[in-house]
Amino acid sequence: MRISRLLSKTLREVPTDADTISHQFLVRAGYINQLVAGVYTYLPLGSRVLKKIENIIRDEMDKAGGQELTLPALQPLEIWQQSGRDKTMADVLFFLHDRRDRKMVMGPTHEEVMTMLAARYIQSYRDLPVMLYQIQDKMRDEPRPRGGLIRVREFFMKDAYSFDADEKGLDASYQSMVTAYQNIYKRCGLTYLMVEADSGAIGGKGSHEFMVITDSGEDTIIHCPACGYAANQEKAVSVKKKFEGEAPLAIEEVSTPGMKTIEEVAGFMKVAPSRTLKAVFYMADGQFVFGVIRGDLEVNEIKLKNQLHCNDLRLATDAEVQEAGVVAGAASPVGMKGIKIIADDSVNTGSNFVAGGNKPDVHIKNVNYPRDFKADIVADIASARAGDKCIKCSGKLAAVRGIEVGHVFKLGTRYSENFNATFIDEKGETHPIIMGCYGTGLSRIMASAIEQNHDDKGIIWPVSIAPYHVYLCPLYREGTNVAEVADRLYEEMTAAGIEVLYDDRKDAAPGVKFNDADLIGIPYRVTVSPRTLEKNAVEFKKRTEKAAEVIPAGDIIKKIKELV
Ligand SMILES: [Zn+2]
(Lines give C-alpha, C1' and ligand atoms only; values in the text may rest on other atoms or scores of the structure.)
Protein backbone atom coordinates (compact mmCIF):
# COMPACT_ATOMS: atom_id res chain seq x y z
CA MET A 1 0.00 0.00 0.00
CA ARG A 2 1.32 3.40 -0.98
CA ILE A 3 0.88 5.97 1.78
CA SER A 4 0.25 8.67 -0.84
CA ARG A 5 -2.96 6.78 -1.71
CA LEU A 6 -3.98 5.83 1.88
CA LEU A 7 -7.34 7.26 2.99
CA SER A 8 -6.27 8.15 6.54
CA LYS A 9 -3.66 10.69 7.58
CA THR A 10 -1.77 10.74 10.86
CA LEU A 11 -2.55 13.41 13.44
CA ARG A 12 -0.06 15.23 15.63
CA GLU A 13 -2.52 16.32 18.31
CA VAL A 14 -3.92 13.99 20.94
CA PRO A 15 -7.73 13.92 20.57
CA THR A 16 -9.27 15.71 23.55
CA ASP A 17 -11.78 12.96 24.35
CA ALA A 18 -9.24 10.11 24.26
CA ASP A 19 -8.41 9.01 27.80
CA THR A 20 -6.63 5.73 27.06
CA ILE A 21 -3.38 5.14 25.18
CA SER A 22 -5.01 2.79 22.67
CA HIS A 23 -7.76 5.31 21.91
CA GLN A 24 -5.20 8.10 21.36
CA PHE A 25 -2.96 6.06 19.09
CA LEU A 26 -5.80 4.42 17.14
CA VAL A 27 -7.19 7.85 16.27
CA ARG A 28 -3.84 9.60 15.72
CA ALA A 29 -2.41 6.84 13.55
CA GLY A 30 -5.58 6.61 11.45
CA TYR A 31 -6.97 3.21 12.45
CA ILE A 32 -10.46 4.27 13.54
CA ASN A 33 -12.91 7.13 13.12
CA GLN A 34 -15.82 7.82 15.45
CA LEU A 35 -19.30 8.17 13.93
CA VAL A 36 -21.23 8.71 17.19
CA ALA A 37 -20.37 7.86 20.81
CA GLY A 38 -19.18 4.26 20.99
CA VAL A 39 -19.61 3.62 17.26
CA TYR A 40 -16.53 3.52 15.04
CA THR A 41 -15.48 3.04 11.45
CA TYR A 42 -12.45 0.80 11.06
CA LEU A 43 -10.36 2.66 8.50
CA PRO A 44 -8.23 0.64 6.03
CA LEU A 45 -5.40 0.13 8.55
CA GLY A 46 -7.82 -0.80 11.36
CA SER A 47 -9.75 -3.13 9.11
CA ARG A 48 -6.56 -5.05 8.29
CA VAL A 49 -5.77 -5.54 12.00
CA LEU A 50 -9.32 -6.73 12.61
CA LYS A 51 -9.04 -9.27 9.76
CA LYS A 52 -5.77 -10.63 11.15
CA ILE A 53 -7.28 -11.12 14.60
CA GLU A 54 -10.32 -12.72 12.96
CA ASN A 55 -8.13 -15.17 11.05
CA ILE A 56 -6.23 -16.23 14.18
CA ILE A 57 -9.51 -16.79 16.01
CA ARG A 58 -11.04 -18.71 13.10
CA ASP A 59 -7.96 -20.90 12.85
CA GLU A 60 -8.10 -21.81 16.56
CA MET A 61 -11.88 -22.36 16.52
CA ASP A 62 -11.60 -24.68 13.53
CA LYS A 63 -8.74 -26.57 15.21
CA ALA A 64 -11.00 -27.07 18.25
CA GLY A 65 -13.66 -28.63 16.02
CA GLY A 66 -15.90 -25.58 15.70
CA GLN A 67 -18.30 -25.12 12.76
CA GLU A 68 -18.63 -21.53 11.59
CA LEU A 69 -22.01 -20.06 10.75
CA THR A 70 -23.51 -16.59 10.51
CA LEU A 71 -26.58 -15.68 12.53
CA PRO A 72 -28.86 -12.71 11.99
CA ALA A 73 -28.21 -9.53 13.99
CA LEU A 74 -31.89 -8.61 13.67
CA GLN A 75 -34.01 -10.74 16.00
CA PRO A 76 -37.67 -10.84 17.05
CA LEU A 77 -38.30 -9.60 20.60
CA GLU A 78 -40.40 -12.73 21.37
CA ILE A 79 -37.35 -14.96 21.69
CA TRP A 80 -35.85 -12.55 24.22
CA GLN A 81 -39.11 -12.62 26.14
CA GLN A 82 -38.97 -16.41 26.05
CA SER A 83 -35.53 -16.42 27.72
CA GLY A 84 -36.48 -13.58 30.07
CA ARG A 85 -33.53 -11.52 28.87
CA ASP A 86 -35.75 -8.77 27.48
CA LYS A 87 -35.74 -7.75 31.16
CA THR A 88 -32.34 -8.85 32.48
CA MET A 89 -30.54 -7.20 29.57
CA ALA A 90 -33.02 -4.37 29.00
CA ASP A 91 -30.43 -1.71 29.84
CA VAL A 92 -28.18 -2.68 26.91
CA LEU A 93 -30.64 -3.97 24.28
CA PHE A 94 -31.37 -1.92 21.16
CA PHE A 95 -35.12 -2.19 20.53
CA LEU A 96 -36.76 -1.34 17.20
CA HIS A 97 -40.00 -1.88 15.26
CA ASP A 98 -40.45 -3.22 11.75
CA ARG A 99 -43.03 -1.82 9.26
CA ARG A 100 -45.74 -4.16 10.61
CA ASP A 101 -45.01 -2.85 14.07
CA ARG A 102 -43.41 -6.09 15.15
CA LYS A 103 -40.91 -5.49 17.95
CA MET A 104 -37.31 -6.47 17.18
CA VAL A 105 -33.93 -6.26 18.90
CA MET A 106 -30.38 -6.00 17.59
CA GLY A 107 -28.41 -9.00 18.86
CA PRO A 108 -26.01 -8.24 21.71
CA THR A 109 -25.26 -12.00 21.99
CA HIS A 110 -26.86 -15.10 20.46
CA GLU A 111 -27.78 -17.76 23.04
CA GLU A 112 -31.46 -17.61 22.05
CA VAL A 113 -30.97 -18.04 18.31
CA MET A 114 -28.27 -20.71 18.78
CA THR A 115 -30.44 -22.76 21.13
CA MET A 116 -33.34 -22.58 18.67
CA LEU A 117 -31.01 -23.96 15.99
CA ALA A 118 -29.96 -26.79 18.30
CA ALA A 119 -33.63 -27.57 18.97
CA ARG A 120 -34.21 -27.75 15.22
CA TYR A 121 -31.18 -29.82 14.16
CA ILE A 122 -30.08 -31.93 17.14
CA GLN A 123 -32.28 -34.95 17.92
CA SER A 124 -30.18 -37.84 19.15
CA TYR A 125 -27.14 -38.47 21.35
CA ARG A 126 -25.48 -39.45 18.05
CA ASP A 127 -25.70 -35.78 16.96
CA LEU A 128 -23.64 -34.67 19.99
CA PRO A 129 -21.27 -33.02 20.75
CA VAL A 130 -21.56 -29.95 18.52
CA MET A 131 -19.55 -26.72 18.64
CA LEU A 132 -20.89 -23.76 16.65
CA TYR A 133 -19.36 -20.31 16.30
CA GLN A 134 -19.65 -17.06 14.43
CA ILE A 135 -17.65 -13.86 14.06
CA GLN A 136 -20.02 -10.94 13.84
CA ASP A 137 -20.67 -7.39 14.91
CA LYS A 138 -22.87 -7.02 17.98
CA MET A 139 -24.86 -4.14 19.33
CA ARG A 140 -25.10 -3.14 22.99
CA ASP A 141 -26.43 0.18 24.13
CA GLU A 142 -23.70 0.79 26.70
CA PRO A 143 -24.62 3.64 29.02
CA ARG A 144 -21.04 4.90 29.14
CA PRO A 145 -19.00 4.12 26.00
CA ARG A 146 -15.35 4.90 26.69
CA GLY A 147 -11.73 4.21 25.90
CA GLY A 148 -12.04 4.10 22.12
CA LEU A 149 -12.52 0.41 21.30
CA ILE A 150 -12.54 -0.75 24.92
CA ARG A 151 -16.22 -0.05 25.65
CA VAL A 152 -18.27 0.51 22.52
CA ARG A 153 -21.87 0.10 21.39
CA GLU A 154 -21.13 -1.79 18.17
CA PHE A 155 -18.25 -4.23 18.26
CA PHE A 156 -16.86 -7.37 16.67
CA MET A 157 -17.05 -10.55 18.64
CA LYS A 158 -16.52 -14.24 18.17
CA ASP A 159 -19.18 -16.20 20.02
CA ALA A 160 -19.15 -19.98 20.24
CA TYR A 161 -21.70 -22.38 21.73
CA SER A 162 -21.16 -26.00 22.76
CA PHE A 163 -23.85 -28.66 22.94
CA ASP A 164 -23.23 -31.86 24.92
CA ALA A 165 -25.13 -34.84 26.30
CA ASP A 166 -23.73 -34.67 29.83
CA GLU A 167 -21.59 -32.71 32.30
CA LYS A 168 -18.49 -34.66 31.32
CA GLY A 169 -18.99 -33.61 27.73
CA LEU A 170 -19.48 -30.00 28.79
CA ASP A 171 -16.24 -30.11 30.80
CA ALA A 172 -14.37 -31.38 27.73
CA SER A 173 -15.90 -28.71 25.46
CA TYR A 174 -15.15 -26.00 28.04
CA GLN A 175 -11.54 -27.14 28.33
CA SER A 176 -11.10 -27.18 24.54
CA MET A 177 -12.31 -23.58 24.37
CA VAL A 178 -10.05 -22.52 27.26
CA THR A 179 -7.09 -24.00 25.36
CA ALA A 180 -8.20 -22.29 22.12
CA TYR A 181 -8.47 -18.94 23.93
CA GLN A 182 -5.04 -19.34 25.49
CA ASN A 183 -3.64 -19.98 21.99
CA ILE A 184 -5.49 -16.98 20.52
CA TYR A 185 -4.18 -14.51 23.10
CA LYS A 186 -0.67 -15.89 22.89
CA ARG A 187 -0.72 -15.60 19.07
CA CYS A 188 -2.06 -12.02 19.34
CA GLY A 189 0.90 -11.11 21.59
CA LEU A 190 -1.14 -10.50 24.75
CA THR A 191 -0.16 -11.09 28.38
CA TYR A 192 -3.32 -12.23 30.13
CA LEU A 193 -4.68 -13.80 33.29
CA MET A 194 -7.50 -16.36 33.37
CA VAL A 195 -9.71 -15.50 36.34
CA GLU A 196 -12.85 -16.81 38.05
CA ALA A 197 -15.79 -14.65 37.04
CA ASP A 198 -19.39 -13.85 37.84
CA SER A 199 -21.85 -15.30 35.31
CA GLY A 200 -23.95 -12.11 35.20
CA ALA A 201 -26.93 -11.81 32.87
CA ILE A 202 -25.79 -14.73 30.68
CA GLY A 203 -26.51 -17.13 33.54
CA GLY A 204 -24.92 -20.50 34.22
CA LYS A 205 -22.90 -22.53 36.64
CA GLY A 206 -19.31 -21.51 36.22
CA SER A 207 -17.31 -19.04 34.24
CA HIS A 208 -13.87 -17.62 33.66
CA GLU A 209 -12.69 -14.38 32.14
CA PHE A 210 -9.51 -13.72 30.22
CA MET A 211 -8.05 -10.44 31.41
CA VAL A 212 -5.34 -8.45 29.67
CA ILE A 213 -3.38 -6.87 32.49
CA THR A 214 -3.04 -3.10 32.04
CA ASP A 215 -3.53 -0.03 34.23
CA SER A 216 -6.21 1.30 31.89
CA GLY A 217 -8.39 -1.78 32.49
CA GLU A 218 -11.90 -1.32 33.82
CA ASP A 219 -11.93 -4.47 35.92
CA THR A 220 -10.13 -5.14 39.17
CA ILE A 221 -8.60 -8.58 39.53
CA ILE A 222 -7.82 -9.99 42.94
CA HIS A 223 -5.09 -12.60 42.78
CA CYS A 224 -2.78 -14.55 45.02
CA PRO A 225 0.85 -14.52 43.86
CA ALA A 226 1.55 -17.45 46.20
CA CYS A 227 -0.96 -20.04 44.89
CA GLY A 228 -2.25 -18.55 41.63
CA TYR A 229 -5.83 -17.95 42.77
CA ALA A 230 -7.30 -15.19 40.56
CA ALA A 231 -10.82 -13.81 40.34
CA ASN A 232 -12.64 -10.75 39.16
CA GLN A 233 -13.32 -8.53 42.17
CA GLU A 234 -17.03 -9.01 41.38
CA LYS A 235 -16.59 -12.63 42.42
CA ALA A 236 -13.38 -12.74 44.49
CA VAL A 237 -13.48 -14.04 48.05
CA SER A 238 -11.01 -13.60 50.91
CA VAL A 239 -10.66 -14.58 54.53
CA LYS A 240 -12.58 -12.29 56.91
CA LYS A 241 -10.60 -11.76 60.10
CA LYS A 242 -12.30 -13.20 63.18
CA PHE A 243 -12.51 -11.66 66.65
CA GLU A 244 -13.25 -14.50 69.01
CA GLY A 245 -13.28 -15.25 72.70
CA GLU A 246 -15.34 -12.34 73.96
CA ALA A 247 -18.53 -13.33 75.77
CA PRO A 248 -21.68 -11.50 74.62
CA LEU A 249 -22.57 -8.59 76.92
CA ALA A 250 -25.91 -6.89 77.48
CA ILE A 251 -27.04 -4.26 74.99
CA GLU A 252 -26.36 -0.69 76.07
CA GLU A 253 -27.53 2.59 74.49
CA VAL A 254 -24.98 5.37 74.03
CA SER A 255 -25.68 8.98 73.11
CA THR A 256 -23.65 9.89 70.01
CA PRO A 257 -24.55 13.49 69.16
CA GLY A 258 -23.74 14.36 65.54
CA MET A 259 -21.94 11.04 64.86
CA LYS A 260 -23.11 9.52 61.59
CA THR A 261 -20.31 7.81 59.67
CA ILE A 262 -18.56 4.60 60.78
CA GLU A 263 -15.32 6.58 61.30
CA GLU A 264 -17.06 9.14 63.53
CA VAL A 265 -18.90 6.54 65.58
CA ALA A 266 -15.88 4.20 65.89
CA GLY A 267 -13.65 7.13 66.91
CA PHE A 268 -16.17 8.34 69.49
CA MET A 269 -16.67 4.85 70.96
CA LYS A 270 -12.93 4.11 70.79
CA VAL A 271 -13.30 0.88 68.82
CA ALA A 272 -11.91 -0.22 65.45
CA PRO A 273 -14.33 0.03 62.46
CA SER A 274 -14.11 -3.77 62.32
CA ARG A 275 -15.98 -3.89 65.62
CA THR A 276 -18.96 -1.96 64.26
CA LEU A 277 -21.87 -2.91 62.00
CA LYS A 278 -22.66 -0.65 59.07
CA ALA A 279 -26.14 -0.31 57.56
CA VAL A 280 -26.58 0.15 53.78
CA PHE A 281 -29.85 0.63 51.90
CA TYR A 282 -30.73 -0.56 48.43
CA MET A 283 -33.73 -0.82 46.12
CA ALA A 284 -33.92 -4.29 44.54
CA ASP A 285 -36.51 -4.37 41.73
CA GLY A 286 -38.37 -1.62 43.60
CA GLN A 287 -38.22 -3.32 47.03
CA PHE A 288 -36.39 -1.64 49.92
CA VAL A 289 -33.55 -3.81 51.24
CA PHE A 290 -31.64 -3.27 54.48
CA GLY A 291 -28.03 -4.48 54.26
CA VAL A 292 -25.72 -5.08 57.22
CA ILE A 293 -21.95 -5.47 56.97
CA ARG A 294 -18.98 -5.11 59.29
CA GLY A 295 -17.82 -1.49 59.39
CA ASP A 296 -14.39 -2.13 57.83
CA LEU A 297 -15.82 -3.94 54.78
CA GLU A 298 -17.57 -2.71 51.64
CA VAL A 299 -20.62 -4.20 49.97
CA ASN A 300 -19.99 -5.91 46.63
CA GLU A 301 -23.09 -5.04 44.60
CA ILE A 302 -22.69 -7.97 42.19
CA LYS A 303 -22.66 -10.47 45.07
CA LEU A 304 -25.60 -8.65 46.65
CA LYS A 305 -27.54 -8.74 43.39
CA ASN A 306 -26.87 -12.46 42.99
CA GLN A 307 -28.09 -13.15 46.53
CA LEU A 308 -31.25 -11.10 46.02
CA HIS A 309 -31.92 -12.62 42.54
CA CYS A 310 -33.01 -9.22 41.27
CA ASN A 311 -32.67 -7.56 37.85
CA ASP A 312 -32.24 -4.01 39.04
CA LEU A 313 -30.22 -2.98 42.08
CA ARG A 314 -29.36 0.55 43.15
CA LEU A 315 -28.69 2.52 46.31
CA ALA A 316 -31.89 3.81 47.92
CA THR A 317 -32.45 7.57 47.82
CA ASP A 318 -32.71 9.65 51.02
CA ALA A 319 -36.46 9.89 50.44
CA GLU A 320 -36.79 6.10 50.08
CA VAL A 321 -34.76 5.57 53.27
CA GLN A 322 -37.02 7.98 55.13
CA GLU A 323 -40.17 6.39 53.69
CA ALA A 324 -38.96 2.99 54.95
CA GLY A 325 -38.87 4.49 58.46
CA VAL A 326 -35.10 4.12 58.78
CA VAL A 327 -32.95 6.68 60.64
CA ALA A 328 -29.97 7.25 58.34
CA GLY A 329 -26.69 7.61 60.26
CA ALA A 330 -28.00 5.64 63.24
CA ALA A 331 -29.70 2.63 61.63
CA SER A 332 -29.28 -0.98 62.66
CA PRO A 333 -31.24 -4.18 62.08
CA VAL A 334 -31.92 -4.46 65.83
CA GLY A 335 -35.69 -4.24 66.26
CA MET A 336 -36.35 -3.72 62.52
CA LYS A 337 -39.63 -5.22 61.35
CA GLY A 338 -41.29 -5.64 57.96
CA ILE A 339 -38.10 -4.89 56.03
CA LYS A 340 -35.98 -7.37 54.07
CA ILE A 341 -32.64 -7.72 55.85
CA ILE A 342 -29.52 -9.17 54.22
CA ALA A 343 -26.39 -9.53 56.32
CA ASP A 344 -22.83 -10.14 55.22
CA ASP A 345 -21.44 -13.25 56.92
CA SER A 346 -18.95 -10.97 58.69
CA VAL A 347 -21.70 -10.56 61.35
CA ASN A 348 -20.51 -14.01 62.47
CA THR A 349 -16.87 -12.96 62.88
CA GLY A 350 -17.14 -11.39 66.32
CA SER A 351 -19.30 -10.31 69.24
CA ASN A 352 -20.35 -7.12 70.97
CA PHE A 353 -20.50 -4.93 67.85
CA VAL A 354 -21.39 -1.23 67.90
CA ALA A 355 -24.47 -0.53 65.76
CA GLY A 356 -27.08 2.15 65.18
CA GLY A 357 -29.77 2.76 67.81
CA ASN A 358 -32.54 3.51 65.29
CA LYS A 359 -33.01 6.89 66.98
CA PRO A 360 -31.25 10.11 65.97
CA ASP A 361 -27.89 10.52 67.79
CA VAL A 362 -28.11 7.14 69.50
CA HIS A 363 -25.96 4.03 68.95
CA ILE A 364 -25.91 0.75 70.83
CA LYS A 365 -23.05 -1.35 72.17
CA ASN A 366 -22.81 -5.12 72.43
CA VAL A 367 -24.91 -6.13 69.43
CA ASN A 368 -24.62 -9.86 68.80
CA TYR A 369 -25.86 -11.93 65.91
CA PRO A 370 -28.19 -13.87 65.98
CA ARG A 371 -29.11 -12.93 69.57
CA ASP A 372 -30.18 -9.36 68.79
CA PHE A 373 -31.44 -9.43 65.22
CA LYS A 374 -32.43 -11.83 62.47
CA ALA A 375 -31.58 -11.55 58.78
CA ASP A 376 -33.53 -12.98 55.85
CA ILE A 377 -30.25 -13.82 54.12
CA VAL A 378 -26.75 -14.24 55.57
CA ALA A 379 -24.11 -14.62 52.87
CA ASP A 380 -20.82 -13.26 51.59
CA ILE A 381 -21.71 -9.87 50.09
CA ALA A 382 -18.37 -8.15 50.81
CA SER A 383 -15.67 -7.09 48.35
CA ALA A 384 -12.34 -8.89 48.66
CA ARG A 385 -9.42 -6.47 48.71
CA ALA A 386 -5.69 -6.38 48.16
CA GLY A 387 -3.98 -7.20 51.45
CA ASP A 388 -6.69 -9.67 52.55
CA LYS A 389 -5.73 -13.29 53.15
CA CYS A 390 -6.19 -15.85 50.36
CA ILE A 391 -8.88 -18.44 51.13
CA LYS A 392 -6.84 -21.15 49.45
CA CYS A 393 -3.40 -20.68 50.96
CA SER A 394 -3.62 -17.76 53.45
CA GLY A 395 -1.15 -15.84 51.25
CA LYS A 396 -1.55 -12.09 50.84
CA LEU A 397 -3.90 -11.09 47.98
CA ALA A 398 -2.93 -8.43 45.43
CA ALA A 399 -5.00 -6.36 43.01
CA VAL A 400 -4.31 -5.50 39.36
CA ARG A 401 -6.36 -3.82 36.64
CA GLY A 402 -7.38 -5.67 33.50
CA ILE A 403 -9.40 -5.47 30.30
CA GLU A 404 -11.76 -8.39 29.79
CA VAL A 405 -11.07 -9.79 26.30
CA GLY A 406 -12.81 -13.13 26.69
CA HIS A 407 -15.45 -14.82 28.81
CA VAL A 408 -16.37 -18.51 28.90
CA PHE A 409 -19.48 -19.91 30.61
CA LYS A 410 -20.84 -23.29 31.58
CA LEU A 411 -24.48 -22.58 30.82
CA GLY A 412 -25.94 -25.98 31.66
CA THR A 413 -29.59 -26.35 30.62
CA ARG A 414 -30.87 -22.82 31.28
CA TYR A 415 -31.46 -22.08 27.58
CA SER A 416 -32.13 -25.60 26.32
CA GLU A 417 -35.01 -25.91 28.81
CA ASN A 418 -36.30 -22.49 27.72
CA PHE A 419 -36.31 -23.40 24.05
CA ASN A 420 -37.00 -27.11 24.38
CA ALA A 421 -33.66 -28.14 22.87
CA THR A 422 -33.55 -31.83 23.79
CA PHE A 423 -31.98 -35.07 22.61
CA ILE A 424 -32.89 -38.74 22.96
CA ASP A 425 -30.29 -40.93 24.74
CA GLU A 426 -29.35 -44.60 24.11
CA LYS A 427 -32.33 -45.79 26.17
CA GLY A 428 -34.82 -43.64 24.29
CA GLU A 429 -35.16 -41.09 27.12
CA THR A 430 -35.37 -37.35 26.42
CA HIS A 431 -33.00 -34.85 28.11
CA PRO A 432 -32.22 -31.16 27.70
CA ILE A 433 -28.93 -30.53 25.86
CA ILE A 434 -26.13 -29.22 28.08
CA MET A 435 -24.65 -25.97 26.79
CA GLY A 436 -21.62 -23.76 27.15
CA CYS A 437 -20.93 -20.38 25.56
CA TYR A 438 -17.65 -18.68 24.80
CA GLY A 439 -17.08 -15.09 23.69
CA THR A 440 -14.06 -13.03 22.78
CA GLY A 441 -14.04 -9.45 21.50
CA LEU A 442 -11.97 -8.65 18.42
CA SER A 443 -12.18 -4.89 18.95
CA ARG A 444 -11.01 -5.29 22.54
CA ILE A 445 -8.12 -7.55 21.54
CA MET A 446 -7.05 -4.78 19.14
CA ALA A 447 -7.21 -2.08 21.85
CA SER A 448 -5.61 -4.31 24.51
CA ALA A 449 -2.70 -5.20 22.22
CA ILE A 450 -1.91 -1.48 22.03
CA GLU A 451 -2.35 -0.92 25.77
CA GLN A 452 0.31 -3.59 26.31
CA ASN A 453 2.56 -2.82 23.33
CA HIS A 454 3.46 0.82 22.85
CA ASP A 455 5.98 3.51 23.75
CA ASP A 456 5.64 7.29 23.88
CA LYS A 457 6.01 7.49 20.07
CA GLY A 458 3.24 5.11 19.14
CA ILE A 459 2.01 1.57 18.70
CA ILE A 460 4.35 -1.45 18.64
CA TRP A 461 2.21 -4.11 16.94
CA PRO A 462 2.93 -7.77 17.50
CA VAL A 463 3.85 -9.03 13.99
CA SER A 464 0.89 -11.44 13.94
CA ILE A 465 -1.74 -8.69 13.99
CA ALA A 466 0.14 -5.73 12.49
CA PRO A 467 -1.64 -4.21 9.47
CA TYR A 468 1.59 -4.52 7.45
CA HIS A 469 4.91 -6.24 8.10
CA VAL A 470 7.24 -3.59 6.69
CA TYR A 471 7.30 0.19 6.59
CA LEU A 472 9.31 0.98 3.46
CA CYS A 473 10.80 4.41 3.90
CA PRO A 474 12.75 6.00 1.04
CA LEU A 475 14.50 9.29 1.85
CA TYR A 476 14.42 10.98 -1.53
CA ARG A 477 16.96 13.35 -2.93
CA GLU A 478 16.99 14.69 -6.42
CA GLY A 479 19.60 13.28 -8.72
CA THR A 480 19.77 9.91 -6.89
CA ASN A 481 18.25 6.54 -7.70
CA VAL A 482 16.45 6.19 -4.32
CA ALA A 483 12.98 6.31 -5.92
CA GLU A 484 13.90 3.68 -8.46
CA VAL A 485 15.38 1.29 -5.88
CA ALA A 486 12.47 1.78 -3.47
CA ASP A 487 9.89 1.15 -6.18
CA ARG A 488 11.67 -2.03 -7.17
CA LEU A 489 11.96 -3.19 -3.52
CA TYR A 490 8.25 -2.52 -3.00
CA GLU A 491 7.35 -4.72 -5.96
CA GLU A 492 9.77 -7.49 -5.02
CA MET A 493 8.69 -7.58 -1.37
CA THR A 494 5.01 -7.64 -2.32
CA ALA A 495 5.66 -10.43 -4.82
CA ALA A 496 7.43 -12.37 -2.04
CA GLY A 497 4.29 -12.19 0.13
CA ILE A 498 5.58 -9.44 2.45
CA GLU A 499 2.94 -6.85 3.34
CA VAL A 500 4.44 -3.40 2.80
CA LEU A 501 3.28 0.06 3.74
CA TYR A 502 5.28 2.18 1.31
CA ASP A 503 5.92 5.76 2.38
CA ASP A 504 6.21 7.11 -1.15
CA ARG A 505 5.52 10.73 -0.14
CA LYS A 506 7.97 12.91 -2.05
CA ASP A 507 7.33 16.02 0.06
CA ALA A 508 7.66 14.52 3.56
CA ALA A 509 10.85 15.16 5.54
CA PRO A 510 12.75 12.16 6.97
CA GLY A 511 11.70 13.15 10.52
CA VAL A 512 8.03 13.15 9.54
CA LYS A 513 8.33 9.74 7.92
CA PHE A 514 10.12 8.20 10.92
CA ASN A 515 7.56 9.67 13.32
CA ASP A 516 4.70 8.24 11.29
CA ALA A 517 6.41 4.87 11.07
CA ASP A 518 6.69 4.79 14.87
CA LEU A 519 3.14 6.05 15.43
CA ILE A 520 1.53 3.53 13.06
CA GLY A 521 3.68 0.86 14.67
CA ILE A 522 4.66 -1.42 11.77
CA PRO A 523 7.11 -4.05 13.16
CA TYR A 524 9.96 -3.55 10.62
CA ARG A 525 11.22 -0.39 8.96
CA VAL A 526 13.35 -0.52 5.83
CA THR A 527 14.99 2.79 4.91
CA VAL A 528 16.52 3.52 1.52
CA SER A 529 18.69 6.65 1.28
CA PRO A 530 21.50 7.99 -0.90
CA ARG A 531 23.88 7.11 1.95
CA THR A 532 22.81 3.44 2.17
CA LEU A 533 22.80 3.09 -1.60
CA GLU A 534 26.46 4.09 -1.71
CA LYS A 535 27.07 0.72 -0.03
CA ASN A 536 24.37 -0.95 -2.12
CA ALA A 537 22.51 -1.54 1.16
CA VAL A 538 19.36 -0.60 3.07
CA GLU A 539 18.78 0.23 6.71
CA PHE A 540 16.72 -2.26 8.69
CA LYS A 541 15.14 -1.39 12.06
CA LYS A 542 12.80 -3.26 14.35
CA ARG A 543 10.08 -1.15 15.97
CA THR A 544 11.01 -2.70 19.31
CA GLU A 545 14.63 -1.60 19.06
CA LYS A 546 16.38 1.75 18.99
CA ALA A 547 19.33 0.89 16.72
CA ALA A 548 19.14 0.14 13.01
CA GLU A 549 21.39 -2.23 11.08
CA VAL A 550 22.70 -1.89 7.55
CA ILE A 551 21.94 -4.87 5.36
CA PRO A 552 22.98 -5.58 1.74
CA ALA A 553 20.00 -4.69 -0.46
CA GLY A 554 20.04 -8.17 -1.93
CA ASP A 555 19.52 -9.84 1.48
CA ILE A 556 16.65 -7.79 2.88
CA ILE A 557 13.78 -9.86 1.48
CA LYS A 558 15.25 -13.09 2.79
CA LYS A 559 15.79 -11.53 6.24
CA ILE A 560 12.19 -10.28 6.49
CA LYS A 561 10.74 -13.53 5.18
CA GLU A 562 12.46 -15.27 8.09
CA LEU A 563 10.77 -12.90 10.56
CA VAL A 564 7.16 -12.88 9.35
ZN1 LIG B 1 -3.38 -18.29 47.64
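Cysteine 188 is placed in the loop between helix H6 and strand S9 (192-196); helices (H or I, at least four residues) and strands (E, at least two) are DSSP runs, numbered from the N terminus. The structure is a predicted model, in which local features need pLDDT of at least 70 and side-chain atom pairs count only at pLDDT 80 or more, while totals for chains, interfaces and linings use all residues. Residues are numbered from 1 along each chain as its sequence is written, and side-chain values use heavy atoms, with hydrogens and water left out.

With a relative accessibility of 0%, cysteine 188 counts as buried, a term for residues under 20% relative accessible area, whereas exposed means over 50% and partly exposed lies in between (1.4 Å probe, protein chains only). Residues up to four places away in sequence aside, cysteine 188 touches Ile53, Ile56, Ile445, Pro462, Ser464 and Ile465; contact means heavy atoms within 4.5 Å. Between cysteine 188 and valine 265 there are 77 residues in sequence and 53 Å in space, C-alpha to C-alpha.

A nonpolar core is a set of buried Ala, Val, Leu, Ile, Met, Phe, Trp, Tyr and Cys residues joined through side-chain atoms within 4.5 Å. The largest such core has 61 residues, of which Tyr31 and Trp461 touch the most other members. Helix H6 (residues 167-187) supplies the largest share of this core, 8 residues. Beyond its neighbours within four places in sequence, tyrosine 31 is in contact with residues including Phe25, Tyr42, Leu45, Val49, Trp461 and Ile520. Another core, of 26 residues, lies apart from the largest one, and Leu71, Val92, Ala118 and Met435 are among its members.

The next stop is helix H8 (residues 301-308), where Lys303, Leu304 and Leu308 are buried. They lie on the same side of H8 because they cover an arc of only 130 degrees around the axis, the arc being that of the directions from the helix axis to the C-beta atoms. An α-helix has 3.6 residues a turn, so residues three or four places apart point the same way. The buried residues of H8 pack against strands S14 (277-284), S15 (287-294), S16 (313-315), S17 (340-344) and S20 (377-379). At the N-terminal end, asparagine 300 caps H8, with a side-chain oxygen 3.0 Å from the backbone nitrogen of isoleucine 302. Histidine 309 follows H8 and has a positive phi, near 50 degrees. Histidine 309 is exposed, its relative accessible area being 71%.

A zinc ion has Cys224 (SG), Cys227 (SG), Cys390 (SG) and Cys393 (SG) as its protein donors, at 2.2 to 2.3 Å; donors are N, O and S atoms within 2.8 Å of the metal (3.2 Å for Na, K and Ca), and water is not among the atoms, so sites may look incomplete. Because the angles subtended by the 4 donor atoms are 98 to 114 degrees, the arrangement is tetrahedral, a label given to four donors if all angles lie between 85 and 135 degrees. Along the chain, the donors follow the spacing C-x2-C-x162-C-x2-C. Cysteine 224 counts as buried at 2% relative accessibility, whereas cysteine 227 is partly exposed at 38%.

Some backbone details remain. The peptide bond from leucine 128 to proline 129 is cis, with omega near -5 degrees, and the bond from tyrosine 369 to proline 370 is cis, with omega near 0 degrees. Proline 370 lies in the loop between strand S19 (362-367) and S20.

Notes
Polar contact = N/O pair within 3.5 Å; in protein donor to acceptor, adjacent residues only side chain to side chain. Tetrahedral: all angles 85-135°; square planar, octahedral: opposite > 155°, others 65-115°.
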